[in-house]
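Q: I have just opened this one for the first time. Can you walk me through it?

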Amino acid sequence: FETLLMDLRSKTTQIFKYIGNIEPKLSSTIISNHIQSLLNTYGQGEPRDCLDPTTKRLTQISTAVLQLEGAVIPIESVLRCMPPWALDDSKRSEPSYMEPHRVEIRASVRATLSQLANSIVTWNPVELWLKFRKATFLDALKYYWLYDPTTLPAGVDALLVYLSADDGSGIQARLGGDVISLRKKSGTALVSVSKRVPHLLVKWLSQLSERAKSLLSSDSLLPINRMHLFEFLSCVVTAVEDPVTRSSFISDVLSNAITMLESDLVQSSIASTEGLMNLFGITQVANNPTIATDKDNVKAVTSNYVQLLSAFNQLLSVGKRCHEAAKKRPNGGIPFLQNNTGLSGVGHTDAHIFPDEGPVSISDLAVNDPFVHLWPKILPSLIRLLDVILRFWHPNYQANLLAHPIQRFAYAISDDEVYLAKKVNNCGVFGEGGTAGSVVSGWSRRDLNLAPKWSGWFNELRNTCFQLLGLMAMQRVLYAPEIASLYPQLVAVVADTANLQAMENRHITQYLKQFIEIMMLSCPVTLYQSHLSPILGPVFEHLQYRFEKNWRPILNHEHLDMTKPLTTSTCNVAAALASRGGEDWFVPYYARAGLFVGDLDAITAEAAVEKTRVELSRSFCDMLQAVLALKGDWALVLANQAKEEKGDPHSGPRSRISNSKGPINADGTPRGQNQFAIDARKHLRISRICHFLLLEDERVAGFLVLSLIQSLEYPDAYICRRVTKICHRILETASWVDRYTNLLGDRMFSMTMKSIVTEPKWMVGIEWDVINLMRDIYCRLVLGQSLLFGGQGPGMQQIRDPSNIGAFEQSKYVDKPLQGGGVLCIQSDLPKQILANLPGISVDQVNKLTETMTQNCAAKHQKDALRDLLCIAAENLKQSEDGTANDSIWSRATESESLLNQNTRSIAVPALPEKLVTQSMVAKEMKEEEEPPPGLGQIFNLS
C-alpha cells in the first residue's frame, strides 16, 4: 500500500507541475481559492479531533492538520513550474513577455498569488502542527517571492519566530517532538528561502543580523537551528556586491566559532590524543567505570563535545554555502576571468593561457568567496584535530583500550552504521525493529551513558575534518601561497603511513570520497607534482597493501575466521595482538576491515564487515572514474564536447523538458554564463591528470595499476565492471610505454583470462566487458592495433615500420588518450605465451587467433574469436576439476549461464500452431472434462 501511495503522490505531483506550466492562470486561481477555503475552515484547528491525550493539542492525524497538509504539494508544484512570463513583471522590453494575452494572464496571476501570500503570512495559528503547516506554505512561497517580495519580510520574520517556538508549558528542559519538528522545519525553510532569493534579503541584512544574534544568544536554541541561522546569513551575504563587505560580514558571523577554536577547551583537547580522550571522558572511565553513566558527568562531557563539534560544523556549513554561491557568480567563481578574454573555447589546452591554473592568492580568491580569508586561522587547529583523531586508532592505543570493558566501545561502530548494514526496515534506528542498543547492549546514544555516544562522536568529528579539507581544496585555498608553509604539516598528517595503516576501511572510504577525490579534481595542472604526489604516493601504496589483505582470505578460501569482526568476547585477544603491532596486528585487522562491533549479533556483524570491505573497493573505483572523466562532472564535459562536434549545442535528452533558450548541457541542464570557460579548464585537467597519474610519478602509477589489476578478481560485479573501464583508460594512456608491458601484457591479461576461463558465478553478466578488455590488451600489445575511446570500435591497424619489420609505426593519437591513444611499437609475446599455456591450447591455435584478429578488425569478430579460444580452455579446465557443485559465488557458472557456451546452446523458436489455443480455451476444455454429461447422474442413481 505504501508503494502504491508513493507512486500516486509522485504522479499527482507531476500533474500539478504540468498544469502550473501550461495553465498558470487557472492553476493559480484554483490553488488560491482552495487554500483560502482551507484556512477559513481549518485555520484555527476545528474540528478538534484526534487530540494528544496529555497536552490536548492537535496531532499529525487531526483533520485540520491533514487537510492543510494535502495542499502543500499542489502549491509547491504549481509555483515551482509556473513559467517566468506569468510572474515576472520587470521584463517589459522583451516582446514575448508583452504579448497581450500574456500581459492579461500575468496581471491576473500576480493579483491572485498576492492575495494568497497575504492570507498565508497573516494567518496566525496557535496549534504547533498548524504552525508547522504554515512553515511549509512559507517555504513554497519562495518561488513567488522571487518576482514579488512584498510579503517576504513578514514571511521570514514568522520563520525566525518559530525557531524559538515552544509548547506553551514554559518548560525548556526537554522539548517535545512536535516542537523540535516545527523548529527544524522552520530552519530548513529559512535556508531554502535564502538560497532562492538572497538578493532580495540584502536590504534587510543588518536587521536580520541583529535578529540572528539575539536568537544565537538564547540557550534554548537547538544546535541544528544554530546551523540553520549561520547558513541563512551566509546565503544572504553572498548576494552583497562588495567583496570587502561580504568578507567582513562572514568574519563577524563566524567570530564566535573562531573564538571557540582558540579557547583553552578546544586547544587542550586537540593538543594530543590524550587531551581528546579527556574531553570525551574516556580517560576518566579507566579508574571509575561508574562515571560513564553519571548524569552530571554525561551532561558536562556532552556539552564540551558539542562546543568542539559546533565550532567546526559552523565553519563547514558557512564555507559550503559561500562556495556554492561563488560558483553561481557571473564569472563562475574563476579568478581573473574577464568576459572579453576570448578563452572560453573548449579546444584550448595550454595551461599558460589560464592565469588561474596555478597558485592563486587568498586575496584574489576572496573576490568571489568571502569565506576563504578565514583559512589561515582554521587550518592549524584542523590539522591538529585530525591528527589526534587518527592517532587514536594506532595499535598502541588499541592495545590499552580494547582490554577495558567500557573504554573499548570508543572503537565500536555506531548503531546508525549497523542500521545501514542491516537495512531490514524503514523504521529507523530507534523505530520498531531498529538497531538502537545493539552495539552497547541495552544502551543507545540517547541514554545517559557515554559508551554508546563515543562512536558517533568520533565519526562526526572525523568526517567534519575530511569535509573541511575537501572544502579547502574546492575553494582552491589548499594551493594558495599563503598556505604553503602549512602544507607540509598537512601532508605529514594525511599521508602519514602510521595514520593510513591505523584507519579502518570505513575511515578510508570517507577519506577518499570527501578529500582525495576532491583534491585531484580541483588541483591546478601546474601543481600536480608539488601538491598531489606527496599525498597520492603514500595513499595508493597503502591502498594496494590494504586491498590485498582485505580480500586475501576471501580469494584464497583460507583463514576465513580472520574475516569475522571483533566482538566484545574477543577483545582481550585483539588487545594482545595490538600490543605486538606489525603484521601480527594488521593482517587480521584488515581481514575484518578493522571493525569492532561490540555486542552485535553474529549475522549482522558479518554483514557489516562484508559491506565495509566491498564499499571501500567500490569507492576507490568511483573515485578513479570521476578523476578519469568516466563519470561525474568531467564526463559531462566530454559529453558536451561530443554534442558540440555534432553541431547541436542546444538540444538535451529527449526525456527532459527544458525552458532554457540558450545552450544546455548533454544532461539537459542549462549552461551558465561562463560555462565554456569552466569546461575549458576541466578539459585541460582531464587531459593532464591521466598523464600525471600513469606516466609522471612511478610510485603513484605503479601502486595504482597494481591495485586495479587486483580488483579485477574481487567477487563483485560492480567493482569488476568499473575497473574494466578504468583499465581501458590505462591502455589508451600507457600501453605504448615499454615499462608497462609486463604489467599490462602479463598481470592484467592473466587476471582477465583467469576470470573468464574459471567462469565464476559472480562474473555472469559482465563477461563481454572483460573479454573486451582482453581484446584491447591483445590489439595494442600484440597486433599493433589501436581502438577508440573505451575499447570501442574496430581495431585500427598501424603499418609496419619500414626500417624494422618487427615493429609498428606509432599511432598519431599516442598523446591523446581520449581519441584512442597509442600502441606498443615492438610487439610483445607475453599475451600469446599466456594463452598458449592454457590447458588444451596449442601455439598453432594462438597463431591462428592472431591471424584471425589481424585479418578481421571488427570488434564483434575479434571478441568472438577470443571467446571461442577461451571456451576450449575452459572445457579442458572443467574436466580436470572434481566436478563438485555448490551454490557459492565461486562455483562455476552452469552451461545456461556461461557466456563461453553460447554457441553450444540450441536456440530453437517453436513454430506457431495452425490453430491458436489460448489459456482461457484450455481452461474451458478442462472444466468441461471434469463436469459429468447431463443426466449421467440419474443413470447410476438406482434409488
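The chat below goes from the whole protein to single residues.

Q: What kind of model is this?
A: It is a predicted model.

Q: OK. How many helices and strands does the protein have?
A: The protein has 41 helices and four strands.

Q: And how much of it counts as buried?
A: Of its 943 residues, 51% count as buried. The protein exposes about 42,400 Å². Carbon and sulfur atoms supply 54% of that area.

Q: What about contacts that join residues at least 24 apart?
A: Take the contacts between residues at least 6 apart in sequence. Of these, 73% join residues at least 24 apart.

Q: Which residues form a nonpolar patch on the surface?
A: I15, Y18, I19 and I22 do. Together they have about 390 Å² of accessible area. I15 lies in helix 1, which runs over residues 2-22.

Q: Let's go to helix 33. Is it enclosed or open?
A: Helix 33 is largely enclosed by the rest of the structure, because 10 of its 14 residues are buried. Among them are V700, L704 and I709.

Q: What do those buried residues pack against?
A: They pack against helix 27, helix 30, helix 32, helix 34 and helix 35.

Q: How does the span of helix 33 work out?
A: Helix 33 covers residues 698-711. At 1.5 Å a residue, it should span 20 Å. Its end C-alpha atoms are 20 Å apart, so the two agree.

Q: What happens at the start of helix 33?
A: A side-chain oxygen of D697 reaches to within 3.0 Å of the backbone nitrogen of R699.

Q: New topic: H507. Where is it?
A: H507 lies in helix 26, residues 505-522. H507 counts as buried, because its relative accessibility is 2% and the cut-off is under 20%.

Q: What does its side chain touch?
A: The H507 side chain makes a polar contact with the side chain of R462, at 3.2 Å. Leaving aside neighbours within four places in sequence, H507 is in contact with W393, R462 and F466.

Q: Now charges. How many salt bridges are there?
A: A search of the whole structure finds 34 salt bridges. One of them joins D252 and K213, with the closest N and O atoms 3.0 Å apart. D252 lies in helix 13 and K213 in helix 11, so the pair ties together parts 39 residues apart in sequence.

Q: What about R729 and E732?
A: Their side chains meet in a salt bridge, 3.2 Å from N to O. Both lie in helix 34, three residues apart. R729 is buried, and so is E732.

Q: And D864 with R867?
A: D864 and R867 form a salt bridge, with the closest N and O atoms 3.9 Å apart. Both are buried. Salt bridges that share partners join K860, D864, R867 and D868 into one network.

Definitions and conventions
Residues are numbered from 1 along each chain as its sequence is written. This is a predicted model: local features need pLDDT of at least 70, side-chain atom pairs count only at pLDDT 80 or more; totals for chains, interfaces and linings use all residues. Side-chain values use heavy atoms; hydrogens and water are left out. Helices (H or I, at least four residues) and strands (E, at least two) are DSSP runs, numbered from the N terminus. Buried means under 20% relative accessible area, exposed over 50%, partly exposed in between (1.4 Å probe, protein chains only). Contact means heavy atoms within 4.5 Å. Accessible areas come from the Shrake-Rupley method with a 1.4 Å probe; for residues, only the protein chains shown count as cover. Patches are made of residues with over 30% relative accessible area and no salt bridge: like charges are joined within 9 Å, nonpolar side chains (Val, Leu, Ile, Met, Phe, Trp, Tyr) within 5 Å. A salt bridge is a side-chain nitrogen of Lys or Arg within 4 Å of a carboxyl oxygen of Asp or Glu. The expected span of a helix is 1.5 Å times one less than its number of residues. A polar contact is a pair of N or O atoms within 3.5 Å; within protein, one must be able to donate a hydrogen and the other to accept it, and residues adjacent in sequence count only if both atoms are side-chain atoms.
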